[in-house]
Amino acid sequence: MASTHHWNGVLDSALDAVGETPLIRLDRIRDAEGLKCNLLGKAEFFSVGGSVKDRIAKRMLEQAEKNGILIPGQSVVIEPTSGNTGIGLALACAIKGYKCIITLPAKMSLEKEVLLRSLGAEVVRTPTEAAHDSPDSLIGVAERLKEQIPGGVILDQYSNPNNPLAHYYTTYGEIAYALKTSNLRRKSISALIAGAGTGGTITGLARAVRDSEKDGAARATIVAVDPVGSILGGGDVGMYQVEGIGYDFFPAVLDPKPPLIDEWIKTNDDEAFAACKRIIRQEGLAVGGSSGSALAGALKFLKSEEGKAIAEDPTANVVVVFPDGVRNYMSKEWFLKQEEGSRDAELHDTIRGI
Ligand code: PMP
């Protein structure tokens with residue numbers, strides 16, 4: 001179904017280095033948790049802009065060019081984002097020669113803002129606590145800018161069908177190809193776990209998985225992960241630090257119910273950041289905070305009644321999406337604060353005594 005390029009030689013531009021990310025065994029965590037299934041991480045920080053959102057930025061922009069919505073030399077790309085879609089868009093705009101303005105809630109990292117500026121984008125910070133429908137929110141400010149700026153276009157990841165479609169075709173295509181060409185006994189997905197921001201990742205992947213089931217694949221369990229403080233998976237609006245997942249409204253691209261998504265699991269900041277550091281420390285994968293949320297959610301699922309049969313099946317393939325890398329969060333307090341326990345005490349004593 002999906003096209004998967006395997007590049008040889010020289011790429012035409014950075015846009016050809018979007019996606020094509022590896023699916024990596026997490027055996028150390030799997031064994032430490034006493035799981036029998038294959039636990040596999042889709043490491044999206046390998047994509048050229050550093051996140052899962054490069055794919056949708058590229059697809060939304062290219063489709064808008066095809067449809068005449070974006071006109072080179074004229075249009076100004078404006079987008080409300082938690083940063084990663086902005087980085088993907090700013091990168092594409094830099095290459096294609098569009099002006100770009102990103103509205104970004106205050107809580108999002110300095111690393112994202114500085115990278116956006118270096119790619120030539122204007123960054124407008126908005127109050128984190130502004131409700132989505134407030135004129136001061138990232139969405140409200142983007143809409144006001146669009147009204148005032150000639151040629152202003154909002155591609156709108158919250159409603160643009162190319163957001164889930166990018167994952168339906170590319171992200172899913174890569175996972176399916178990786179499994180098919182692996183030495184694993186089973187070649188299909190048994191469970192898929194991903195966080196939801198716009199919901200594009202989980203919705204696009206889930207649709208592709210359900211289509212593969214119509215073609216004969218065994219039924220997979222799709223689990224969405226949502227931070228405490230977001231309404232997507234239930235509960236009240238509140239503040240949390242993890243970036244890129246959770247909202248105070250249901251984006252149109254998110255299809256939150258069965259038969260697509262089977263289950264929602266809530267995670268908090270402490271669980272997410274501990275799991276993020278664990279993936280880095282035990283698997284050598286420098287993933288970001290929402291990857292920690294995804295792993296924490298995956299482990300909760302695998303330890304629940306619903307997940308038990310999968311956890312205990314040595315042929316089951318559990319795929320967890322790791323949306324970005326920790327280089328987006330180096331200056332954040334939660335990352336700067338490294339646990340003493342991760343040091344080798346004996347080595348440390350020797351070093352201190354020198
Ligand atoms: N994690 C991070 C770090 C993100 O930037 C995003 C995008 N908002 C997500 C997870 C969630 O992806 P999606 O918007 O496809 O639900």
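**Entry 1: the four-stranded sheet**

I began with an open sheet of 4 strands, which has the order S5-S4-S3-S6 and parallel pairing. Strand S5 (122-126) and strand S6 (152-154) stand at the edges with a single partner strand each, so one side of each has no neighbour in the sheet. Neighbouring strands here are turned by 25° against each other on average, direction ignored. I noted the terms: strands (E, at least two residues) and helices (H or I, at least four) are DSSP runs, numbered from the N terminus, and two strands pair if DSSP finds at least two bridges between them. Angles run from 0 to 180 degrees between N-to-C directions, with axes as lines fitted to C-alpha atoms, for helices over the stretch in contact.

Strand S3 (residues 76-80) and S6 run parallel and are joined by 3 bridges. I found Ile78 opposite Ile154 in S6. Helix H3 (residues 84-96) packs on this sheet, where it touches S3 and strand S4 (99-105), and its direction makes about 170° with that of S4. Touching means contact: C-beta atoms, placed from the backbone, within 7 Å.

A note on what I am reading: this is a predicted model, in which local features need pLDDT of at least 70 and side-chain atom pairs count only at pLDDT 80 or more, while totals for chains, interfaces and linings use all residues. Residues are numbered from 1 along each chain as its sequence is written.

**Entry 2: the whole chain**

I stepped back and found 12 helices and 10 strands in the chain. The radius of gyration is 20 Å, close to the 20 Å that the globule rule gives for 354 residues, so the chain is as compact as a globular protein of that length. For the record, that radius is taken over C-alpha atoms, and the rule is 2.2 Å times the number of residues to the power 0.38. The C-alpha atoms fill a box of roughly 60 × 60 × 50 Å along the principal axes.

How much of the chain is buried? Buried residues make up 49% of the 354. Buried means 20 or more other C-beta atoms within 10 Å of the residue's own, exposed means 12 or fewer, and partly exposed is in between, with C-beta atoms placed from the backbone. Of the contacts with a separation of 6 or more, 70% are between residues 24 or more positions apart.

Next I traced an open sheet of 6 strands, ordered S1-S2-S10-S7-S8-S9, with mixed pairing. S1 and S9 are at its edges with a single partner strand each, so one side of each is left without a neighbour in the sheet. S7 and S10 pair in the parallel sense over 3 bridges, and Ala191 has Val318 in S10 as its bridge partner.

Helix H7 lies across S7, S8 and S10, at about 165° to S7. I checked its length: 15 residues (200-214) at 1.5 Å a residue should span 21 Å, and the end C-alpha atoms are 21 Å apart, which agrees. The expected span uses 1.5 Å times one less than the number of residues. Among the buried residues of H7 are Ile202, Leu205 and Val209. Their cover includes helix H2 (54-66), H6 and strand S7 (191-195). After H7 comes Gly216, with a positive phi near 115°.

**Entry 3: the core**

Which residues have the most contacts inside the largest nonpolar core? They are Ala90, Leu192, Ile193, Val318 and Val320, in a core of 94 residues. Helix H6 (residues 162-180) gives the most to this core, with 8 residues. Such a core is a set of buried Ala, Val, Leu, Ile, Met, Phe, Trp, Tyr and Cys residues joined through C-beta atoms within 7 Å. Leaving out residues up to four places away in sequence, Leu192 touches Leu205, Val209, Ala220, Ile222 and Val319.

I found a cis peptide bond between Pro258 and Pro259, with omega about 10°. Pro259 sits in the loop between S8 and strand S9 (263-267). Asp156 is not a glycine, yet its phi is positive, about 60°. Asp156 is in the loop between S6 and H6, and is partly exposed, with 19 other C-beta atoms within 10 Å.

Definitions and conventions
Contact = placed C-beta atoms within 7 Å.
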